[in-house]
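This report describes the fold of one protein, from overall dimensions down to single residues.

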Amino acid sequence: MSKPDKQYNKTMEALQIELAGLHRWLRRSGKRLIVLFEGRDAAGKGGTIKRITESMDTRGYRIAALGKPDETETTQWYFQRYVAHLPAAGEFVLFDRSWYNRAVVEPAMGFCSKAQYEAFLAAVPVFEKLLTDDGIILLKYWLAVDQKEQEERFAERAKDPLKRWKLSPVDLASRAKYAELGQLRDVMIERTHTANAPWFVVDFNDQKRGRINLIRHLLEQVPRHDTPIPAVKLPRLKHKPRHEHVTDKALWVPDSFDG
């Protein structure tokens, strides 16, 4: 392993310990935390969310990655399906894209009308103030990546059968709209950046550096006062370690690994 990779892993491990402490603080205090991840396709939203939650208790966080709205959802108040994913006391919700689809992706791809777009931009500051006034901690991140780097990541995904699922028809169509998406992003930030819910932009041309910077910043924004995770002393077994003996009513999966 190279020296930079070792440094990255060491730093990430330390940050994940801090994230575990953040999680414990949320559960103990009953606070609620929402983090929105927006950005270019292939910027690194999913990978960053995985690193954040990698060592967390799965019972205390949720990832909201909503697909295309169905026929019923398209007739609802726009924010309605997102409200269903808001956190309860002690919970941490990470949105892999969010209600801000209507500010950038939808108008660029013709998925909403001009009136719907304008109504959304007018409503968002009010909606988010309701959330923060109720005590929810709301953090909004835009992951920035240059088009050259984005194209390299698209090419990598196209070659890798384990990553091709990440290339949606919308992702492919958006390649021709890099400038337009950037203009829509700027309007979004200018009209929805408020004191209670500001936008934070993170350079993700280097994904590892971007993850470190974002996670450090996230931890700095939460006013927690946590103590280190206490050590656990395992009680001594009263007998020798036993083999696992399962009833013959179950069927064993064959060992097919050659390693």
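How much accessible surface does the protein have, and what share of it belongs to carbon and sulfur atoms? The accessible surface comes to about 16,100 Å², and 55% of it belongs to carbon and sulfur atoms; areas come from the Shrake-Rupley method with a 1.4 Å probe, and for residues only the protein chains shown count as cover.

The model is predicted: local features need pLDDT of at least 70, side-chain atom pairs count only at pLDDT 80 or more, and totals for chains, interfaces and linings use all residues. Residues are numbered from 1 along each chain as its sequence is written, and side-chain values use heavy atoms, with hydrogens and water left out.

**Overall**

The C-alpha trace spans about 70 × 45 × 45 Å along its principal axes. Of the 259 residues, 41% are buried (buried: under 20% relative accessible area; exposed: over 50%; partly exposed in between; 1.4 Å probe, protein chains only). Among contacts (heavy atoms within 4.5 Å) with a separation of 6 or more, 78% join residues 24 or more positions apart.

**Sheet and helices**

The protein has nine helices and five strands; these are DSSP runs numbered from the N terminus, helices being H or I with at least four residues and strands E with at least two. Five strands form an open sheet in the order β2-β3-β1-β4-β5, with parallel pairing; two strands pair if DSSP finds at least two bridges between them. At the edges stand β2 (61-64) and β5 (199-203), each pairing on one side only. Neighbouring strands are turned by 20° against each other on average, direction ignored. Angles run from 0 to 180 degrees between N-to-C directions, with axes fitted as lines to C-alpha atoms, for helices over the stretch in contact.

| Helix | Strands touched | Angle between directions |
|---|---|---|
| α1 (residues 3-29) | β1 (32-39), β2, β3, β4 (136-144) | about 135° with β1 |
| α9 (residues 207-221) | β1, β4, β5 | about 160° with β4 |

β2 and β3 (residues 92-96) pair over four bridges in the parallel sense, and R62 stands opposite V93 in β3.

**Aromatic rings**

There are 16 aromatic pairs (ring centres of Phe, Tyr and Trp, for Trp the six-membered ring, within 6.5 Å; planes under 30 degrees apart are stacked, over 60 edge-to-face, the rest tilted). One cluster linked by ring pairs includes W77, Y78, F79 and W199.

**D171**

D171 is found in helix α7 (residues 169-174) and is buried, with a relative accessible area of 10%. Leaving aside neighbours within four places in sequence, D171 contacts D41, F154 and K166.
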